[in-house]
Amino acid sequence: MKIYSWNMLFRNPDMDRAFDFIRTTDFDVFCIQETPEPFVERLRTLPFHIDAAIEMEQRYDDRAVTRYLVVLSRYPLTKVAHVPLPPLNSMRTWRAYFFIRFMTLIRVWGEGTGNRHSQVVDLALPEGVVRIFNLHLPLLTPTHRLQEFELALAERDPLLPTIVCGDFNVLEHPRITILTWLFGGSLMDAIRYKLERTRIEECFVEHQLTNVLRGKKTHAISASQLDHILVSHHFGLTEARVIPDAYGSDHQPIFAAVA
């Protein structure tokens, strides 16, 4: 199986090039995060099976915007689940609230208003069913991210071959972990910048999942591996890499081939 995962950035300035990248890529499964609604409709024109789940509703540039999680597959989808997640406002401190308001006013981010989900689909391969998870963990604190990872993985069946894709927002460089404090985390969370990576990798092991790109950077600004493809022990890894071209996003696409 050839697997891609990509946070395409909901305000990607080069949608045509992003679409051509997906259209011309040789893949079996392609998981996309931050997909704008008009782009979802373009993806529906491609000759693949597709499921789109509302990732989050938000306000950006004084407009209501809906972002989607999308799974494109060469194989039929036999099961689809969109797992509800808590609204971001219920988890924010005042410090986080004012920081997000500032970043929204300067149009760096949008402000989430609710209706959040993770995505689970089962694919019918000739060899049997494979379960795919598509996630976008919140840019809040390490504790929140771990909690949401566990909530999304509640649909995990250890007997099923499993692939987990998505933007996990794990911050692991001292120049960026100040965001952990701004989003409501402790100063120790920000100072001990390697701790979140250690904890979440332990979580992967508990779920019998392997991070095929561990140690690779997928986001230039944060110098961190934000984007992940995790595979269960049912698979043997044959290749894993970060695509150099970001195609208008701030995240680089990632790829894994498994057998």
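1. Let's start with how α4 and α7 sit relative to each other. In this predicted model, the two helices pack at an angle of about 10°, and their axes are 11 Å apart. Angles under 35 degrees count as roughly parallel, so α4 and α7 are roughly parallel to each other.

2. Which way do they cross? α4 passes α7 in a right-handed crossing. On the α4 side, the contact is made by Pro142, Arg145, Leu146, Phe149 and Glu150. From α7 come Glu196, Arg199, Ile200, Cys203 and Phe204. Sort the residues of this contact by type and you get six nonpolar, four charged and no polar.

3. Now for the sheet. Have a look at its six strands: the sheet is open, its pairing is mixed, and the order reads β5-β7-β8-β9-β11-β10. Strands β5 (77-85) and β10 (209-211) are at the edges and have a single partner strand each, so one side of each is left without a neighbour in the sheet. From one strand to the next, the twist averages 20°. As a reminder, strands of a sheet pair through backbone hydrogen bonds, either parallel or antiparallel.

4. Strand β8 covers residues 128-136 and strand β9 covers residues 162-167; the two run parallel and are joined by six bridges.

5. Glu34 is not a glycine, yet its phi is positive, about 55°. You'll find Glu34 in strand β2 (residues 29-36). Is Glu34 buried or exposed? Buried means under 20% relative accessible area, so at 9% relative accessibility Glu34 counts as buried.

6. Asn169 is the other one to check: it is a residue other than glycine with a positive phi, near 55°. Where does Asn169 lie? Look in the loop between β9 and α5 (178-182). Asn169 has a relative accessible area of 8% and is buried.

Technical notes. Residues are numbered from 1 along each chain as its sequence is written. This is a predicted model: local features need pLDDT of at least 70, side-chain atom pairs count only at pLDDT 80 or more; totals for chains, interfaces and linings use all residues. Side-chain values use heavy atoms; hydrogens and water are left out. Two strands pair if DSSP finds at least two bridges between them. Helices (H or I, at least four residues) and strands (E, at least two) are DSSP runs, numbered from the N terminus. Axes are lines fitted to C-alpha atoms, for helices over the stretch in contact, and angles run from 0 to 180 degrees between N-to-C directions. Buried means under 20% relative accessible area, exposed over 50%, partly exposed in between (1.4 Å probe, protein chains only). Angles under 35 degrees count as roughly parallel, over 145 as roughly antiparallel, 65 to 115 as roughly perpendicular and the rest as oblique. A crossing is left-handed if the near helix is turned anticlockwise from the far one by less than a right angle, and right-handed if clockwise. Contact means heavy atoms within 4.5 Å. Ala, Val, Leu, Ile, Met, Phe, Trp, Tyr, Cys and Pro count as nonpolar, Asp, Glu, Lys and Arg as charged, and the others, Gly among them, as polar.
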